Amino acid sequence: MSPAPVQRYNRLSISLHWLSAVLIVLLFIGGLTVDAFPKDWKSAVINLHAIGGLALLALVLLRIVWRLTHAAPPPPAGTSPLLDRAAKLGHFALYALMLAIPVIGVPTLLWRGRGLDFGLFQIASPFERTREIYKPLTEIHELAAFALIALVIGHAGFAVWHHIKLKDGTLLRMMPER
């Protein structure tokens with residue numbers, strides 16, 4: 001008896017998923033390494049990180065709108081209700097952090113007295129540099145980023161576990177067809 005065919009997500013969902021994943025990893029690496037750059041690069045690296053965070057925010061909002069208007073494929077046959085519920089909670093946590101991190105990051109940047117430079121135009125910070133505000137915001141932003149990476153690693157690990165151990169096609173649902 002051969003396994004049932006895998007019901008995949010649509011192409012746009014798959015593309016947005018992997019684009020989000022790559023952006024999250026790049027932003028996390030950028031955030032970790034910002035102090036390793038030469039001093040005269042630091043402002044540009046921070047600006048690029050902030051713009052990348054805004055791009056991730058826009059991407060996640062697009063993913064949410066797309067998901068609300070395009071149903072996900074049903075879970076693979078035989079998925080336990082507990083496993084299905086855990087997956088939904090995990091995805092909710094991923095989305096919540098993908099939204100929260102840039103929403104925290106932009107005010108953090110602005111309270112540092114930094115603006116955003118989009119090349120064609122700039123947005124100046126409306127605030128004076130206020131350490132008492134930006135320092136705790138920075139810590140929350142960083143902790144949330146580490147929590148997101150931990151969830152991403154768990155998400156990927158469970159997808160591989162589904163593929164290797166359960167052989168239920170879960171991983172293939174988010175892979176492009178060949």
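**Aromatic side chains in a predicted model**

Biologist: What does Phe121 count as, going by relative accessibility?

Modeller: Phe121 counts as partly exposed, at 47% relative accessibility; buried means under 20% relative accessible area, exposed over 50%, and partly exposed in between, with a 1.4 Å probe and protein chains only. This is a predicted model, where local features need pLDDT of at least 70 and side-chain atom pairs pLDDT 80 or more, while totals for chains, interfaces and linings use all residues. Residues are numbered from 1 along each chain as its sequence is written, and side-chain values use heavy atoms, leaving out hydrogens and water.

Biologist: Where does Phe121 lie?

Modeller: Phe121 is in the loop between strand 1 (116-117) and strand 2. Strands (E, at least two residues) and helices (H or I, at least four) are DSSP runs numbered from the N terminus.

Biologist: Changing topic, how many aromatic pairs are there?

Modeller: A search of the whole structure finds 5. Rings of Phe, Tyr and Trp (its six-membered ring) pair if their centres lie within 6.5 Å; planes under 30 degrees apart are stacked, over 60 edge-to-face, and the rest tilted.

Biologist: Why is the pair of Phe28 and Phe146 edge-to-face?

Modeller: Their ring planes are at 90°, with centres 5.1 Å apart, so the pair is edge-to-face. Phe28 lies in helix 1 (residues 11-33) and Phe146 in helix 4 (residues 131-166), so the pair ties together parts 118 residues apart in sequence.

Biologist: And what do the two count as in accessibility?

Modeller: Phe28 is buried at 17% relative accessibility, whereas Phe146 is partly exposed at 45%.
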